Structure formats: C-alpha cells, structure tokens
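Thank you all for coming; I would like to walk through one model this morning.

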Amino acid sequence: MAEIKFEEAMKKLEKIVEDLESGELSLDEALKKYQEGIELSRLANQKLESAKKKIDLLVKNKKGEFELKPFEDSGQKEE
Amino acid sequence: MEARHIYKVSEITRDIKVILENTFGQVWVEGEISNFKAHPSGHFYFSLKDESALLAAVMFARANKELKFKLEDGQKVICFGNIGVYEPRGQYQLVIEKMEPQGVGSLQLALEQLKAKLEKEGLFDPQHKRQIPYLPRNIGLVTSGSGAALKDILKVLERRFNDAHIILNSVRVQGEGAKEEIAQAVNDFNLFNRQARPEDRIEVMIVGRGGGSIEDLWAFNEEIVARAIYNSAIPVISAVGHERDWTIADLVADLRAATPSAAAEQVIPRKEDLSQRLDELTERLINSFLEMAVNCKEEIEQFIRRLSLGVAHIWELNNSSFSALLKKLNLLNPVALLPRHQEKIFSLARQIYIQADHSLKIRQAEFLKFSSRLSDLNPLNILNRGYSVTFGSDGAVIKEAKSIKPGAMIQTRVHKGEIFSKVTEVKQDG
C-alpha cells in the first residue's frame with residue numbers, strides 16, 4: 001500500500017465495506033477484500049496517531065514560478 | 001451730488017469674491033446632491049440643495065478621487081470646503097475638499113453601494129456557492145503571516161487531527177496595498193493549482209484576518225477582493241474579524257466562518273470523530289465478513305450433507321446398475337463368449353453341413369433324373385431298340401427321302417457301329 005493519505009484510506013475502506021455488505025462477492029473475493037480492509041484500517045489508525053503539522057509558505061520567485069518553503073509557526077515575522 | 005463710483009463688472013465681482021472668501025473661508029455645508037455631472041476631466045460638478053435654496057458645488061479630481069462612495073443625485077451629504085466665486089460666470093460656489101454621507105458614514109454607504117451592485121450581478125447567489133470538501137488534503141491560507149488569524153488557525157491544528165498540508169500565502173490584511181495583495185493571493189492559489197500535480201492541488205482556501213475596526217477590515221470589502229474570491233475555482237471560506245463583522249468577502253465566499261478558528265474547524269475535523277468513524281467502519285468490515293463466512297459454512301455443510309446423501313444414493317444406484325453392467329460385461333467378455341462362439345460355429349457348421357448335404361442330395365436326385373431323361377433322349381439309346389439314324393454326305397440327319405438323290409452316299413448309325421451305302425431308289429411318302 002503506497003504512501004496513502006488518511007482520507008484516501010477511509011474512502012477505500014468504505015467502498016470495501018459496501019461491497020462486502022452487498023453480499024455479491026464470491027467467498028475468495030470477499031476474503032481478499034476483507035484482508036485489504038483490515039490493512040487499510042490499520043493504516044488509517046496509524047495515520048490518526050502520527051499526523052504531524054505540515055505548513056509551507058507559498059512564494060513566487062522572480063520568474064513568477066511558485067515555490068513552497070517550510071513555514072516555522074514561531075510567528076515568523078514577515079520579511 | 002457726490003461723484004458716482006461706477007464699478008466695472010470684473011471690479012465688483014472681484015470685490016464680492018474677496019468679501020465672500022474672507023467672510024466664509026472653510027465651511028461645512030450639508031445638503032442634497034442634485035444635477036450631478038462627472039466631467040471627463042474627472043472633476044465633479046453638482047449643486048447642493050435644501051428645501052429652499054441651491055448652492056453650486058465643485059469637487060476637483062484631486063479631491064474626489066479619495067471618495068469611498070459614489071455620488072448620486074438625492075444623496076444627503078456633508079461637505080467641507082471653501083466658498084469661492086467663479087468670476088467668468090459671476091457664480092459663487094462651494095469648492096469641496098472632503099465629503100461624507102449624512103447619517104451613515106461614507107464607508108458604510110460605500111459598503112452598501114458595492115453590496116447592491118454585486119448582488120445585482122448575482123455574485124452572492126447561493127447556487128454559485130461551491131461545496132467545501134470534507135477532508136481536504138491541501139488547504140490554502142490567505143492571511144497575514146504574523147497576524148492573529150494565523151495563530152488561531154494553528155491552535156486549531158494543534159488540538160485537531162491534521163493530516164492535511166497547509167499552504168500559507170502571506171499578505172497584508174489592512175492598509176495600503178492590502179486589497180491588491182489579498183486578491184493576488186487568491187488568484188495565485190488558482191494559478192498554483194494549474195501547475196501543480198493533482199494530489200498537490202489546493203482543495204479549499206481560507207481567506208481572512210483577526211478582529212479589527214471597520215477601517216481595519218476594509219480590504220475585505222473591496223470589489224477587487226470580492227471578484228477574486230468569486231472567480232476562484234477553489235472553494236473559499238471567508239473568516240474576517242469576529243462573529244458580528246460581515247464583509248463583502250463573507251457574502252461572496254462559498255462559506256462564511258464566523259472566525260478564522262471556526263474556518264479551520266470546518267476543514268480540519270476532530271480526531272475523536274475520525275477515530276470513531278474508523279472504528280465503526282472496521283467493525284462493519286469484520287461483521288460483514290464474518291456473517292458471510294458463517295453463511296458459507298452453513299452452505300458448505302449443507303453441501304456436504306447433500307453430497308454424502310447423494311453419494312450414498314449414487315452408490316446404491318451404481319451398485320445395482322453396476323452389477324448389471326458387470327453381468328452384461330461378462331457376457332460381452334470375449335473370453336466368456338468364446339465357447340458361445342464355438343458353439344455357434346459348430347451349430348453353423350452343422351447347419352452348413354446339413355444344408356450342403358441336403359442340397360447335394362437334391363442335386364444328385366435332379367442329376368439322376370436329368371441324366372436318365374437325358375439318356376432316354378439320347379438318340380443313341382433308341383438305337384439299341386433297333387432304330388437307326390441316317391446322315392447325308394454333309395453329315396446332316398436325313399429326315400425326308402426327297403432330300404436325297406439316288407446314287408448319293410449315305411451313312412447309317414445303328415446301335416452298334418455304322419453302315420455306309422449308296423442310294424438306289426428314293427420314295428417320298430405322301
């Protein structure tokens with residue numbers, strides 16, 4: 001499971017639960033979906049605990065291109 | 001009579017001008033604007049009137065450019081300026097430096113005017129409001145990098161679940177140049193989105209600032225900011241000042257949050273809510289699967305039961321048919337069949353023999369019969385009963401006397417041997 005965002009994991013998990021509840025899956029499909037679901041659930045939980053703040057500052061360089069620079073929230077004085 | 005002093009028009013007009021300007025100097029005058037005309041040069045010409053008098057007025061471009069609101073006939077205003085005389089037309093007028101709407105302040109009036117204008121254009125229509133995404137991955141912030149709003153928002157992030165990526169576009173939120181920076185920041189985020197990869201694109205933007213006076217918040221009432229927000233493809237949450245402060249930005253935004261922290265709470269859910277939802281989903285996942293597994297187990301058991309019944313049944317069935325088959329097989333068994341074949345062969349052989357023998361006898365009998373008839377018909381047999389056969393010289397049998405002439409040689413076959421003779425006389429019967 002590549003680096004997945006919490007919200008993506010939740011969406012996928014929701015879809016899997018719906019599929020399983022629909023009852024149309026064959027047993028081994030259901031098994032595969034179930035395992036995927038458990039993995040997503042574990043991942044989402046891990047995300048919940050480990051989420052850390054990420055703030056960047058959008059700046060436009062001379063060429064008018066956008067760049068993102070980390071923003072320290074120490075109330076950094078605007079230059 | 002003393003010498004009459006006769007003024008020239010310009011003399012008396014100038015004297016009047018001096019007296020008037022010295023007497024009044026700078027004055028505040030209130031009245032209602034009428035026959036307002038904005039001259040191409042940028043100067044405003046109009047009159048101020050009340051129920052019984054009219055005062056000509058002029059507001060040069062240099063002064064009217066500072067006005068926050070638009071002048072319209074019928075507006076009640078308070079003006080500050082100098083009384084002056086415009087000699088070429090012998091007209092006294094008020095040359096206005098500053099002007100305020102009567103009753104409500106000019107800012108308020110300007111706000112109402114802009115609101116009316118934008119409302120007419122439909123910028124506030126609810127159907128233009130866009131959905132705020134539930135769990136946005138990337139959130140844009142247009143506020144001051146060192147302002148109170150940012151601190152509030154960061155506090156919200158602290159205590160809530162923030163898996164999202166915040167991108168701050170730091171701007172001045174009041175004073176000179178604020179409105180341009182704010183509008184530009186909103187446009188920049190939209191530009192940023194066009195260049196960014198889908199997963200980096202900003203899904204929602206918070207535009208706002210901390211509390212302040214109406215002048216402090218004024219940038220968020222500016223038309224340029226209103227239009228930038230309206231034209232933004234990215235949904236905008238406005239968060240300007242405190243609960244009671246309403247700005248044009250709030251009316252145009254897709255969602256108005258009472259304060260910056262409220263805006264943050266709108267897009268950054270509480271951790272508890274999320275974990276609760278996650279637990280719920282996980283539970284449903286496990287239950288649905290268990291239920292299915294249980295069903296399957298039952299189904300499988302049922303299968304097994306039916307299968308075993310079936311097998312037994314099949315077995316019996318087979319058994320009987322099996323043995324039948326077996327017998328049949330034996331019968332068909334080539335080795336077993338051998339004696340039968342032999343037997344068959346013998347019987348066939350016998351039959352053949354019988355047949356053959358039978359047909360032989362028949363043939364023999366026929367043969368005998370034929371041969372006896374044959375011998376009866378054998379012309380030579382008649383001979384032994386005294387008959388004879390006479391042949392001509394040509395070898396043909398002579399049946400009529402007339403066919404022979406006397407002197408011809410004839411040959412007679414008798415039972416035993418032949419006689420050669422010469423014909424002396426021929427006599428034909430009848």
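This is a predicted model: local features need pLDDT of at least 70, side-chain atom pairs count only at pLDDT 80 or more; totals for chains, interfaces and linings use all residues.

Residues are numbered from 1 along each chain as its sequence is written, chains are lettered from A and ligands numbered from 1 in the order in which they are written, and side-chain values use heavy atoms, with hydrogens and water left out.

The largest pocket has a volume of about 720 Å³, and of the 27 residues lining that pocket, L67(B), K68(B), K179(B), W218(B) and E222(B) are the closest to its centre. A pocket here is an open set of points on a 1 Å grid over the protein atoms alone, where a 1.4 Å probe fits, with protein on both sides within 12 Å along at least five of seven lines, and lining residues have an atom within 4 Å of a point; the volume is the space filled by probe spheres set on the points, which are joined across faces, edges and corners.In chain B, strands β12 (residues 409-413) and β13 (residues 418-422) run antiparallel, joined by five bridges, where DSSP needs at least two for a pair; strands are DSSP runs (E, at least two residues), as are helices (H or I, at least four), numbered from the N terminus.

A9(A), in helix α1 (residues 6-22) of chain A, is buried at 3% relative accessibility (under 20%, 1.4 Å probe, protein chains only), and its C-alpha lies 6.0 Å from that of A44(A).

Technical notes
Buried means under 20% relative accessible area, exposed over 50%, partly exposed in between (1.4 Å probe, protein chains only).
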